[in-house]
Amino acid sequence: MTSIDVPASRQRPSFDAARAEAAVRELLVAVGEDPDRPGLRDTPARVARAYAETFGGLVQDPAEVLSTTFEEDHDELVLVKDIPMYSTCEHHLVPFHGVAHIAYIPSEDGRVTGLSKLARLVDVYARRPQVQERMTRQVADALHDVLKPRGVLVVVQAEHLCMGMRGIRKPGAVTTTSAVRGLFRDSAATRAEAMSLVLGR
Ligand SMILES: Nc1nc2c(ncn2[C@@H]2O[C@H](COP(=O)(O)OP(=O)(O)OP(=O)(O)O)[C@@H](O)[C@H]2O)c(=O)[nH]1
Ligand SMILES: [Zn+2]
């Protein structure tokens, strides 16, 4: 059994812009605003378009993103660091953002995927209502299941605006999450070596 999500496009219809627009209008009324005043008149449609982008990962298939691979005969570490990511905390629907780092050791056949595909994979999962821990695991599981690498390590470092702009109000606090699969999970030495490359400046 694969731990990759069933492609969202097979689970639910595509983004419902009219419904999103109506909901934003309703929210504006709920907070005491007049959605018909000139400054807000186009806001529901604008927010609906922005949401289609912000939550676009719900209708994307992570396996498709990783379908470009190359015969490279490379059986050692590949590491892409500091991939900028913007996601949305599913508890408060405000952003959390930071960087993702992805390391993997290709499968025995030495096939690698395109470097940009790793960043695209982060976007597929970031563009959903998320919690950081789940997003981190999902990226690792997708890589593990599709590329069948010998090892995968994913680290995400992010600041949650729900902890900064409201609530506990601790801007600048950074949360680090990691997910390791295969060799990186089995060997403490391999994991420590990769982790020092990931977190070292
Ligand atoms: N583990 C985890 N927690 C998160 C993430 N994003 C937001 N949270 C937390 O989700 C929790 C929601 O707590 P609740 O008590 O239900 O909501 P709340 O009353 O708005 O909580 P406060 O943020 O403390 O004001 C908060 O502690 C958030 O900091 C995440 O990605 N991972
Ligand atoms: Zn939150």
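Cysteine 162 is in contact with Cys89, His91, His92, Val94 and Gly167 when residues up to four places away in sequence are not counted; two residues are in contact if their C-beta atoms, placed from the backbone, lie within 7 Å. The structure is a predicted model, in which local features need pLDDT of at least 70 and side-chain atom pairs count only at pLDDT 80 or more, whereas totals for chains, interfaces and linings use all residues. Residues are numbered from 1 along each chain as its sequence is written, and chains are lettered from A and ligands numbered from 1 in the order in which they are written.

Cysteine 162 lies in helix α7 (residues 161–164); helices (H or I, at least four residues) and strands (E, at least two) are DSSP runs, numbered from the N terminus. With 16 other C-beta atoms within 10 Å, cysteine 162 is partly exposed. A residue is buried if 20 or more other C-beta atoms, placed from the backbone, lie within 10 Å of its own, exposed if 12 or fewer, and partly exposed in between. Cysteine 89, in strand β2 (residues 78–89), is also partly exposed, because 18 other C-beta atoms lie within 10 Å. Beyond its neighbours within four places in sequence, cysteine 89 contacts Val94, Phe96, Gln130, His160 and Cys162.

An unreviewed UniProt entry lists Cys89, His92 and Cys162 under "binding site"; UniProt positions are given in the numbering used here, feature names are shortened, and annotations may be inferred rather than shown by experiment. These residues are spread over 74 residues of sequence but cluster in space, with a largest C-alpha distance of 7.7 Å.

The shell around ligand 1 consists of Cys89, His91, Val131, Gln132, Glu133, His160, Cys162, Met163, Gly167 and Ile168, each with its C-beta atom, placed from the backbone, within 6 Å of the ligand. At least two residues of this shell come from each of α6 and α7. By class, the shell has 5 nonpolar, 4 polar and 1 charged residues; Ala, Val, Leu, Ile, Met, Phe, Trp, Tyr, Cys and Pro count as nonpolar, Asp, Glu, Lys and Arg as charged, and the others, Gly among them, as polar.

The buried residues of helix α5 include Leu118, Leu121, Val122 and Tyr125. The buried residues of α5 pack against α4 (62–65), β2, β3 (95–105), β4 (111–113), β5 (129–130) and α6 (132–147).

Aspartate 42 is placed in the loop between α2 (17–30) and α3 (43–54), and counts as exposed because it has 9 C-beta neighbours inside 10 Å.
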